[in-house]
Amino acid sequence: MITAQQKSEEVLFCYGDLFPEKVTGYDYLIVEPAYFTAMDVRAFKENNKKVLAYISLGEVDKGSWYYPKLVDHTIGENKIWDSNILDLENPKTTEVLFELIEMYMTERGYDGLFLDNIDNFSIYGPTPHQKPALTAFLKRVKTAFPDIFMMQNAGVEIIADTREYVDVLGVESVATDFDFTRRKYRLRDEKTYTNRVNELSGIEAEHDVQIILIEYADTKMLHSQIVDRIKDLGWSYFIGRIELQKIPHY
């Protein structure tokens, strides 16, 4: 039987460069595909169950190699992350994104995708009116690659619309609450945490979707506090620094 403590070891998010042969034993490994060749991906897959390529469907980072292809099809900025908001209703945007996905799946050999910034299409995001464009694009991807494995990040409010296409729901900062202004790691207050857990439990039951928690910590003490808080939930989880550039060690 897998214990709650062991569950944290099942998931790794790392958007920095890695030595593929040294990353082993994860059920879900999520990486930044710009760093890795098809040979690297094969090495990852030999020692891990699912290897997913990061891609944002809501924004494009200004440091991304494909930013020049999308910048003219954006409709705003996210100053916190220094990124531009994508216009998913623009066919030129979806063509660029689809070409990326095709490369990741066909040429590089990933098992699937980690879909970031899906909350942009909820009522709390900048482009809720583009939710139909999102689901149409997800349908296109699923039709082209029937065996693709997709993990949605955030956007819990629209899981009823996306569940047909995604396999897992990742949710950031349920137990924690990173302060972007002061760059401070901290626990959420107990009431907010409990409400978020209850909401996710309801979503898990209603939509039969696996939940993965993505939490952030910068010290061994905070890491331990997070584990103590979530260990009885039974959900797999990842705990690391907000930048996600290195394998976390506590």
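**Pocket and sheet of a predicted model**

The lining of the largest pocket comprises 23 nonpolar, 13 polar and 12 charged residues (nonpolar: Ala, Val, Leu, Ile, Met, Phe, Trp, Tyr, Cys and Pro; charged: Asp, Glu, Lys and Arg; polar: the others, Gly among them). The model is predicted, and local features need pLDDT of at least 70, side-chain atom pairs count only at pLDDT 80 or more, while totals for chains, interfaces and linings use all residues. Residues are numbered from 1 along each chain as its sequence is written, and side-chain values use heavy atoms, with hydrogens and water left out.

A pocket is an open set of points on a 1 Å grid over the protein atoms alone, where a 1.4 Å probe fits, with protein on both sides within 12 Å along at least five of seven lines; lining residues have an atom within 4 Å of a point. Of the 48 residues lining the largest pocket, W81, D116, N117, N153 and E172 lie nearest its centre. Elements giving two or more residues to this lining are β3 (50–56), β4 (59–61), β7 (112–116), β9 (168–172), α7 (190–207) and β10 (210–216) (DSSP runs numbered from the N terminus: helices H or I, at least four residues; strands E, at least two).

Eight strands make an open, parallel sheet in the order β1-β2-β3-β7-β8-β9-β10-β11 (strands pair if DSSP finds at least two bridges between them). At its edges, β1 (11–14) and β11 (236–240) each pair on one side only. Within the sheet, β7 pairs with β8 (residues 149–153) in the parallel sense over four bridges. L113 has M150 in β8 as its bridge partner.
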